[in-house]
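Dear colleague,

Please find below the structure that I am handing over to you. A short account of the findings follows it.

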Amino acid sequence: MKITLDNFFNEKESILASEKGLKEIYEKLEEATKKISNVVNHAALVGILGKADKENIQGEEVMKLDELSNDWLIESLKSSKYCAGVASEEMETFIAFDQSDNDEAQYIVLFDPLDGSSNIDTCSAIGTIFSIYKRISKGKLELADFLQKGNDILSAGYVIYGSSTILVYSMGNGSHAFTLDQKENEYLLSHEHIQTPAYTPILSINFGYYNIYEKSVIDFCHWCLDADKSSKHPFTQRYIGSMVADIHRNLLKGGIFIYPATTESPNGKLRLQYECNPLSFIQKQAGGKYTNGSHDILEIEPTELHQRVPIALGSSDLVDKYISFK
Ligand code: P6P
């Protein structure tokens, strides 16, 4: 039986009885991500590969598809009377929509429109990452609305554009995945209540930075690579360089993804509000763990919109073991 997001929401997400506008926010996210999926699938044929000859707030090359994805997400969410505004990893600060001072516009959305976009030209999986909060200010939107901690997320998720396009979300009642039926252009339930195995010997880390990792990270990696072969089959290393792809594989199969601090980047590379919080929220609902090395990422009080944090997340036993080396 084909179960759409709408069917599933009506059947399983009782929170929607009190969060009326949340369903429409998802309809807008569906609308924009279907458009992104469509062009990602044949980007090379529509002349939108390559760089947009500009840099984003992070000082990173912006790819044309990054820019398009960002615009489509803004356009779709702006068309909902329930969305007060958005913040994007591609933009310096938040955007308050015209409707932000009406009472129904109670939700704000933060997103990374196309994470891993440097992989677009090589046809590797990339993704959109989003988190939805209730606004906390009255009247005009304020920066504080977008600096809420991860445990205040109302709902979060990602869409991975790979061999399939899959939307993974949680509203705090489990993490669930919906695969885009390209013919029907409909997201259909494919994985209900995803549970990440507590121990799978998969290590996702960029060994290119081996010489600038702190000792505890190197010691953990040696533990993985020297793990007692008699007790667990040896670890394998999987690292695509696209966080959504690495996280999605580990969410389903287990393993640990680590983007730690280095001597050159003491806070690591990944953004708290646009990547680490939403993906930790999903991982929590799938029974895994997540840490910045010493603290629960979802408890970190954000101080800047684009702040970076070190992160390790995935199989609970592996994250516990990682922390034990600190
Ligand atoms: P590195 C992509 O640019 C990204 O933000 C994540 O998707 C990915 O996990 C990470 O950076 C890769 O970074 O330094 O290993 O190339």
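**Aromatic rings**

One aromatic cluster is formed by Phe8, Phe9, Tyr26, Phe130, Tyr169 and Phe178. The model is predicted, so local features need pLDDT of at least 70 and side-chain atom pairs count only at pLDDT 80 or more, while totals for chains, interfaces and linings use all residues. Residues are numbered from 1 along each chain as its sequence is written, and side-chain values use heavy atoms, with hydrogens and water left out.

Rings of Phe, Tyr and Trp (its six-membered ring) are paired if their centres lie within 6.5 Å; planes under 30 degrees apart are stacked, those over 60 edge-to-face, and the rest tilted. By this rule there are 16 aromatic pairs. One of them is the stacked pair of Phe220 and Trp223, at 5.9 Å centre to centre with 25° between the planes. These two residues are three apart in helix 4 (residues 215-225), which means that about one helical turn separates them. Helices here are DSSP runs of H or I with at least four residues, numbered from the N terminus.

Phe220 is buried, at 0% relative accessible area, whereas Trp223 is partly exposed at 25%. Buried means under 20%, exposed over 50%, and partly exposed in between (1.4 Å probe, protein chains only).

Phe220 also forms an edge-to-face pair with Phe325, at 6.0 Å centre to centre and 75° between the planes. This pair links distant parts of the chain, 105 residues apart: Phe220 lies in helix 4 and Phe325 in the segment after helix 7 (316-324).

Yours sincerely
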